Every structure is written in structure tokens, then in C-alpha cells.
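Thank you all for coming; I would like to walk you through one structure this morning, slowly and in order. Please keep the sequence and the model in view while I talk.

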Amino acid sequence: MAPSRTPRRRPSRAETRRKIIDAAGEVFARQGIAATSLNDIAAAAGLTKGAVYSNFEGRDDLVLTIMEEHIVERMRSATTAFDELSDLGEATAEAGARLAAGVDTDATWHRLLLEYWGIAMRNPAVHKGLALRRAQLRDAITAAITRAAAQHGVELPLPPAQLAVVVLALSNGLAVERGVEASAVPDSLFADVLKLLVTPREVGGASGVSGSAAPPDSPAPPGTAGR
């Protein structure tokens with residue numbers, strides 16, 4: 001009697017989806033978004049184009065899913081620093097260090113975001129999808145900032161939702177500048193900026209500046225002397 005064969009296990013939907021995402025990431029990084037088709041992605045994943053369509057609505061859905069996955073993981077890693085460290089200064093420095101590390105490790109995805117942003121600015125349908133995903137991402141970061149501020153008793157200088165925008169803009173902007181000239185963006189810069197955002201300031205004191213008073217040695221505006 002011939003030995004029985006072990007039935008070949010069919011990949012789960014989650015495994016297939018993961019395979020497609022990984023393959024798409026490699027192809028996008030190598031060719032760029034505009035030059036990549038679903039056929040390219042299916043071939044790289046060793047699947048049919050139909051298998052890709054059964055898991056994603058199309059190329060745009062794949063692009064947004066991959067970008068969101070990278071950014072969410074990086075922000076999750078950064079914000080958990082406030083759960084792991086009780087000292088606010090240490091937690092802020094660690095969060096900044098993790099975000100700075102992401103600028104380098106996710107450099108490819110920052111470039112793809114810029115490429116996709118350019119596509120979205122010329123295509124209303126793509127713009128709508130990008131705006132929706134970014135809004136969801138900002139909501140997640142806003143919730144993390146709110147939780148961290150409450151946990152450490154920090155009075156934030158801006159509403160959490162606005163700080164979420166600032167953090168995303170810093171991440172994207174520093175990635176661009178570091179890509180152009182790495183030496184212009186020190187590893188500690190992200191952490192230094194975050195500290196400025198969360199460190200309490202004494203109004204009018206040595207460690208802060210009043211929002212309305214001018215510095216003592218500031219010259220009088222032209223035309224006002226002697227009045």
C-alpha cells in the first residue's frame with residue numbers, strides 16, 4: 001500500500017493577505033507606485049491577480065494599507081514609551097529616539113508617501129481615500145497623546161489633535177530633510193522637539209517666555225521712539 005500523503009494545508013486568508021502586502025511593499029519600493037501594476041504584485045507574491053482582488057480593492061487600497069501599517073507600528077512603538085517609563089523626560093527622549101529611528105528604517109515609505117501625495121493632488125478619488133486614512137491615523141495618534149498626557153499629568157501646549165498633526169508633519173518633514181542631507185538632521189532632533197512640546201514653561205520666568213511681552217532689550221518699532 002502506498003504511503004498516504006499529508007494533505008496540503010491551504011493558506012488562511014490572513015496569510016494570503018500578508019503575502020500580498022509583503023510582495024507589494026517590495027515591488028513598490030523597487031519600481032515606485034505609478035510604475036507598478038496588480039499583475040506585478042501578483043507575480044511577486046506567486047498568486048493570481050484574482051487572489052489580490054479578493055483581498056484588496058485595488059492598488060490604491062494596497063498602498064494605503066501598507067503605509068498605514070508602517071506608520072501605526074512606528075507611532076505605537078513611540079507612544080508605548082510613556083507607558084514603560086515613569087519619568088516624563090526619559091519617556092519623551094525615548095519616544096523621540098524611536099520616531100527618529102523610524103525615519104531611517106521607513107525611509108522608503110516616506111518617499112512613497114510623497115509620490116502618492118503627488119498622485120492624490122491630481123486625482124480627487126485618490127485624494128479622498130488618502131484623506132480618510134490619514135484622518136483615521138490622526139485619530140489613533142490623538143488618543144495615544146491624550147492617554148500619555150493624562151498618565152503623566154502634562155498640560156499640553158496644543159490640543160491633542162493638533163499635536164498629532166505636528167508629530168506626523170515632523171516625521172515626514174525630517175525624513176525628507178534627512179534624505180537630502182543626513183548630517184542636517186541629528187539623531188536627537190526629534191526628541192529635542194518633543195521635549196519642547198511637553199516640558200512645562202513658567203510664564204515670564206527664566207525657563208519660559210510670556211506669550212505677549214517683548215524681550216527686555218528689544219528695540220522700539222521704527223517711528224515710535226520719543227513718543
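This is a predicted model: local features need pLDDT of at least 70, side-chain atom pairs count only at pLDDT 80 or more; totals for chains, interfaces and linings use all residues.

**Helix by helix**

Residues are numbered from 1 along each chain as its sequence is written, and side-chain values use heavy atoms, with hydrogens and water left out.

Is V198 buried or exposed? V198 counts as buried because its relative accessibility is 18%, where buried means under 20% relative accessible area, exposed means over 50%, and partly exposed lies in between, with a 1.4 Å probe and protein chains only. If we leave aside its neighbours within four places in sequence, V198 is in contact with L88, T92 and V154, contact meaning heavy atoms within 4.5 Å. With V154 in particular, V198 has a C-alpha to C-alpha distance of 6.9 Å, although the two are 44 residues apart in sequence.

Staying with α10, the buried residues there are F190, A191, L194, L197 and V198. Seen down the axis of α10, these buried residues fall within an arc of 115°, so they line one face of the helix; the arc is that of the directions from the helix axis to the C-beta atoms. What covers the buried residues of α10 includes α6, residues 88-105, and α9.

L196 also has its place in helix α10, but L196 counts as exposed, at 54% relative accessibility.

Not counting residues up to four places away in sequence, E94 touches A81 and L85. E94 and A191 are 97 residues apart in sequence, and their C-alpha atoms are 7.4 Å apart in space.

Stepping back to the protein as a whole, it has ten helices and zero strands. Of its 227 residues, buried ones make up 36%, and among contacts with a separation of 6 or more, 61% are between residues 24 or more positions apart.

Now to how the helices pack, with α7 as our guide. How do the axes of α7, residues 107-120, and α9, residues 160-180, cross? They come within 10 Å and cross at roughly 105°, the axes being lines fitted to C-alpha atoms, for helices over the stretch in contact, and the angles running from 0 to 180 degrees between N-to-C directions. The two helices are therefore roughly perpendicular to each other; angles of 65 to 115 degrees count as roughly perpendicular, under 35 as roughly parallel, over 145 as roughly antiparallel, and the rest as oblique. In this contact, H110, L113 and L114 of α7 meet S171, N172, A175 and V176 of α9. These residues divide into four nonpolar, three polar and no charged, where Ala, Val, Leu, Ile, Met, Phe, Trp, Tyr, Cys and Pro count as nonpolar, Asp, Glu, Lys and Arg as charged, and the others, Gly among them, as polar.

The axes of α7 and helix α8, residues 124-152, come within 7 Å and cross at roughly 130°, which makes α7 oblique to α8. The contact is made by L113, Y116, W117, I119 and A120 of α7, together with P124, V126, H127, L130 and R134 of α8. By class, this contact has eight nonpolar residues, one polar and one charged.

Lastly, α1 and α7 pack at an angle of about 70°, with their axes 10 Å apart, and are therefore roughly perpendicular to each other. Here G25, F28 and A29 of α1 meet T108, W109 and L112 of α7. The contact of α1 with α7 has four nonpolar, two polar and no charged residues.

Definitions and conventions
Helices (H or I, at least four residues) and strands (E, at least two) are DSSP runs, numbered from the N terminus.
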